[in-house]
Amino acid sequence: MTAPQRVSYRLESTLESVNKAEEMTDQIASQAGFDEDTRGGIAMAVREGMINAVLHGNAYDPAKRVNLTFETGKELIVTIADEGKGFVPEEVPDPLAPENLLKESGRGIFLMRTFMDEVRFRKLNSGTEITLIKRLQNNDLGRQEAST
Amino acid sequence: MSMKASTRQVDGVTIVDLSGRITLGEGSVVLRDTVKDLLGKGQKKILLNLGDVSYIDSSGIGELVSAFTSVRNQGGELKLLHLTKKVHDLLQITKLYTVFDVKDDEAAAIGAFSK
């Protein structure tokens, strides 16, 4: 098994950062041993977390940054921290409720929860930190060993 | 990363062939502008061909919903054609699969529009 690794990035509040984070996630999840389908879901969760940070948190403010961290080992832990005004995730309406199905927004957190094993939100002094966790299954661990 | 949209007319239905990614930014804007332009010209029977759309994020889903409601609010119809597995799964997960009228065959889809 590969040794646990941690890597951090400080990104600008731009759409390019969202795309870059998604690409990096796919690469890191691949190296960690996740299969293609699972990687796609993880990359989408990170994309949605980054959109949350860049668009809703930092509101594209050039003075504000997003801290993105990946930790790999038996699980992949991704943290995304913005410098925005913060929000209460419980107040986001359920996008699957019939009255909300035709709303144009509000599906990001739901998608993160769909594709990850665990999603946590933490209020920072300034901003919000989202932690996304995906655990490797036994067959993924085999793939990880095979690639090392 | 970008998205392309081209339109063609078949039996009074406007087919929009989309390719690329419908995501926050350019992809969503292309879809929004295309549908807005068609509605402005009075073309209210719209079939979105998503066969070459590889990926949609929450913003893209929002744009599809917006297109659907805009067309419907103007008395028109919008249907979806040729969903890739990824897009199909995403619409299932978000419970939108049954909201949209989704078709697998172009001729059948055109025939399904009201005359």
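1. Terms and basis. Axes are lines fitted to C-alpha atoms, for helices over the stretch in contact, and angles run from 0 to 180 degrees between N-to-C directions. Two residues are in contact if their C-beta atoms, placed from the backbone, lie within 7 Å. Helices (H or I, at least four residues) and strands (E, at least two) are DSSP runs, numbered from the N terminus. This is a predicted model, in which local features need pLDDT of at least 70 and side-chain atom pairs count only at pLDDT 80 or more, while totals for chains, interfaces and linings use all residues. Residues are numbered from 1 along each chain as its sequence is written, and chains are lettered from A, with ligands numbered from 1, in the order in which they are written.

2. The sheet of chain A. Five strands of chain A form an open sheet in the order S1-S2-S3-S5-S4, with antiparallel pairing; two strands pair if DSSP finds at least two bridges between them. Strand S1 (5–12) and strand S4 (118–124) of chain A are the edge strands, each with a single partner, so one side of each has no neighbour in the sheet. From one strand to the next the twist averages 15 degrees. S4(A) and S5(A) run antiparallel and are joined by 7 bridges; Lys123(A) stands opposite Thr128(A) in S5(A). H1(A) lies across S1, S2 and S3 of chain A, at about 5 degrees to S2(A).

3. The largest core. A nonpolar core is a set of buried Ala, Val, Leu, Ile, Met, Phe, Trp, Tyr and Cys residues joined through C-beta atoms within 7 Å. A residue is buried if 20 or more other C-beta atoms lie within 10 Å of its own, exposed if 12 or fewer, and partly exposed in between, with C-beta atoms placed from the backbone. The largest such core has 32 residues, and those with the most contacts inside it include Ile42(A), Val46(A) and Ile80(A). The greatest contribution to this core, 9 residues, comes from H2(A). Leaving aside neighbours within four places in sequence, Val46(A) is in contact with Ala21(A), Glu22(A), Thr25(A), Val78(A) and Leu132(A). Another core, of 31 residues, lies apart from it and has Met3(B), Val53(B), Leu83(B) and Val87(B) among its members.

4. Overall form of chain B. Chain B contains 4 helices and 5 strands, which follow the order β-β-α-β-α-β-α-β-α from the N terminus. The radius of gyration of chain B (taken over C-alpha atoms) is 13 Å, close to the 13 Å given for 115 residues by the globule rule (2.2 Å times the number of residues to the power 0.38), so chain B is as compact as a globular protein of that length. Of the 115 residues of chain B, 43% count as buried.

5. The sheet of chain B. Here the open sheet of 5 strands has the order S1-S2-S3-S4-S5, with mixed pairing. Strand S1 (4–10) and strand S5 (101–103) of chain B stand at the edges, each with a single partner strand, so one side of each lacks a neighbour in the sheet. S1(B) and S2(B) run antiparallel, with 7 bridges between them, and form a hairpin with 2 residues between the strands. Of the 7 residues of S1(B), 0 are buried, so S1(B) lies largely in the open. Strand S2 (residues 13–22) and strand S3 (residues 45–56) of chain B are instead parallel, joined by 8 bridges; Val16(B) has Leu48(B) as its bridge partner in S3(B). Helix H1 (residues 26–40) of chain B lies across S1, S2 and S3 of chain B, at about 170 degrees to S2(B).

6. One residue in detail. Is Tyr55(B) buried or exposed? Tyr55(B), in strand S3 of chain B, counts as buried because it has 21 C-beta neighbours inside 10 Å. The C-alpha atoms of Tyr55(B) and Val87(B) are separated by 6.6 Å, although the two residues are 32 apart along the chain.

7. The interface. In chain B, 16 residues are in contact with 17 residues of chain A. Helix H2 (residues 58–73) of chain B supplies the largest share of this side, 7 residues. The side of chain B that touches chain A divides into 7 nonpolar, 7 polar and 2 charged residues (Ala, Val, Leu, Ile, Met, Phe, Trp, Tyr, Cys and Pro count as nonpolar, Asp, Glu, Lys and Arg as charged, and the others, Gly among them, as polar).
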